[in-house]
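Here is a friendly note to read alongside the model. Please keep the 3D view open and look up each residue as you go.

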Amino acid sequence: MKADTGTAGAAQADPACIERLPLAAQDGPASMVISRVARLHRIAAGKLLKGLGLYPGQEFVMMHLWDTGPVRQSDLIKVVDLDPSTVTKMLQRLEQAGHVRRRPDPDDRRAVLVEATDSSCGLLTEVRRAWGELEDHTLAGLDPDERTELARLLTRVETNLCVETADCPEEARREALRG
């Protein structure tokens, strides 16, 4: 039995795109593209990071530590918006690689402070280079105005999703920086 494709979604989307979408995604062509692009972007980032000895997601931990200095592990977990066990595993790997140091918080011995090591400064340069390479590859063929417009539109999409989910990691990051 072939499902009825109807015309509800077809009237709003480009017919050429609709024909290539799975039936269940025909009322959400932009969402389907965003999902595919996010997946491919993560794969491309993972390949670049692997060359630096990092797993995907660890660069966000390092970025936060480089920008803010020492933070409580519990605050870092909130900022990166991942399961505590995932962050703990990330920190163990980063610590073994010599990129982070964990120590008791002098203000609260029950808490743990996490900080980037001095030796991670070389990694900062390499992560920055990798993100620049990823940016160039991702946006190849777009002129500067198109790149600016894409960033503006994606920021708007991100804002919509943050409001919809009432769970915006950027808000947690801003709160952690203020606190």
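The points below go from the whole chain to single residues.

1. First, some ground rules. This is a predicted model, in which local features need pLDDT of at least 70, side-chain atom pairs count only at pLDDT 80 or more, and totals for chains, interfaces and linings use all residues. Residues are numbered from 1 along each chain as its sequence is written, and side-chain values use heavy atoms, with hydrogens and water left out.

2. Start with the overall layout. The chain has 8 helices and 3 strands, running α-α-α-β-α-α-β-β-α-α-α from the N terminus on. Both kinds of element are DSSP runs numbered from the N terminus: helices are H or I with at least four residues, strands are E with at least two. Of the 179 residues, 26% count as buried (buried is under 20% relative accessible area, exposed over 50%, partly exposed in between, with a 1.4 Å probe and protein chains only).

3. Helix H2 (residues 29–50) and helix H6 (residues 121–138) pack at an angle of about 140 degrees, with axes 10 Å apart. The axes are lines fitted to C-alpha atoms over the stretch in contact, and angles run from 0 to 180 degrees between N-to-C directions. On the H2 side, His 41, Ala 44, Ala 45 and Leu 48 make the contact; on the H6 side, Ala 130, Trp 131, Glu 133, Leu 134 and Thr 138 do (contact means heavy atoms within 4.5 Å).

4. Which ring pairs with Trp 131? The ring of Phe 60 does: the two centres are 5.7 Å apart and the planes are at 70 degrees, so the pair is edge-to-face. Rings of Phe, Tyr and Trp (its six-membered ring) pair if their centres lie within 6.5 Å; planes under 30 degrees apart are stacked, over 60 edge-to-face and the rest tilted. Because Phe 60 lies in helix H3 (residues 58–68) and Trp 131 in helix H6, the pair ties together parts that are 71 residues apart in sequence. Phe 60 is partly exposed, at 41% relative accessible area, and Trp 131 is partly exposed too, at 26%.

5. Is Asp 105 buried or exposed? Asp 105 counts as buried, because its relative accessibility is 5%. You will find Asp 105 in strand E2 (residues 100–105). Leaving aside residues up to four places away in sequence, Asp 105 touches Arg 72, Ala 111, Val 112 and Leu 113.
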